Amino acid sequence: MRNAGRGENKSPAFEFHWTLGPNPGAAPDNLQTYAIIFHDVENSTNKTTTDTLHWSAFNIPGTAKGLPEGLGPGDLSDGTRNGPGIAARGGNPGAYFGPGAGPGPIHHYLFEFYALDTKLDLPANTSREDLLKAMDGHVIGKAAYYGRFHAPPAQ
């Protein structure tokens, strides 16, 4: 519940590690930034094939060894930009919005981590589609982490 939307709604802490197969490795010399996309793969938004985007962040410095818990909203002092997601609707500065399963017994949430060879020249209110287009051709590493969230029982 610490990271859930109905709980403390704090973004989780993450550590970045490079591996080559099962062996630890060094980050590529051309690593410039990281980007994260966090979404609920069970929902469809507005009767489309698009799932629910909870949060994204980009231009996380390539020198970062991870992210602390509880990132603030908007643009951060290290250059990290909170991008599109539920909390950014209506022109508000982007911010993490944790799991909060809607209809259905279980929802699967996916964090996608991208290592990029560029800094993205995008406004914070960009769309997920434009974020993905801007990253295309610049991804030098990718990882994913997923978890399940059980919907609360009906009252």
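**Strands, core and rings**

In this predicted model, Ala57 stands opposite Asn82 in E7.

Q: What makes E4 and E5 a pair, and in which sense do they run?
A: The requirement is at least two bridges. E4 and E5 have seven, so they qualify. Their sense is antiparallel. Across from Leu53 in E5 stands His39.

Q: Why is E5 described as largely enclosed by the rest of the structure?
A: Buried means under 20% relative accessible area. Ten of the ten residues of E5 are buried, so the strand is largely enclosed.

Q: Which residues touch the most other members of the largest nonpolar core?
A: They are Phe16, Ile36, Trp55, Ile60 and Phe111, in a core of 17 residues. Strands E4 (33-40), E5 (52-61) and E8 (106-116) each give two or more residues to this core. E8 supplies the largest share, four residues. A second, separate core has ten residues, including Leu53, Phe58, Leu116 and Leu122.

Q: What is Phe16 in contact with, leaving aside its neighbours within four places in sequence?
A: Phe16 is in contact with Tyr34, Ile60, Ala64, Lys65, Gly66, Leu67 and Phe113.

Q: How many aromatic pairs does the structure hold?
A: It holds nine.

Q: Why is the pair of Phe38 and Tyr109 called tilted?
A: The ring centres are 5.9 Å apart, and pairing needs them within 6.5 Å. The planes stand at 35°. Stacked needs under 30 degrees and edge-to-face over 60, so tilted is what remains. Phe38 lies in E4 and Tyr109 in E8, so the pair ties together parts 71 residues apart in sequence.

Q: How do you know that Phe38 and Tyr109 are buried?
A: The cut-off is under 20% relative accessible area. Phe38 has 1%. Tyr109 has 4%. Both values fall under the cut-off, so both residues count as buried.

Q: What makes the pair of Phe38 and Phe111 stacked?
A: The ring centres are 4.0 Å apart and the planes are at 10°. That angle is under 30 degrees, so the pair is stacked. Phe38 in E4 and Phe111 in E8 are 73 residues apart. Phe111 is buried too, at 7% relative accessibility.

Q: Which residues form one aromatic cluster?
A: Phe14, Phe16, Tyr34, Phe38, Trp55, Tyr96, Tyr109, Phe111 and Phe113 form it.

Terms used
Residues are numbered from 1 along each chain as its sequence is written. This is a predicted model: local features need pLDDT of at least 70, side-chain atom pairs count only at pLDDT 80 or more; totals for chains, interfaces and linings use all residues. Side-chain values use heavy atoms; hydrogens and water are left out. A nonpolar core is a set of buried Ala, Val, Leu, Ile, Met, Phe, Trp, Tyr and Cys residues joined through side-chain atoms within 4.5 Å. Buried means under 20% relative accessible area, exposed over 50%, partly exposed in between (1.4 Å probe, protein chains only). Contact means heavy atoms within 4.5 Å. Rings of Phe, Tyr and Trp (its six-membered ring) pair if their centres lie within 6.5 Å; planes under 30 degrees apart count as stacked, over 60 as edge-to-face and the rest as tilted.
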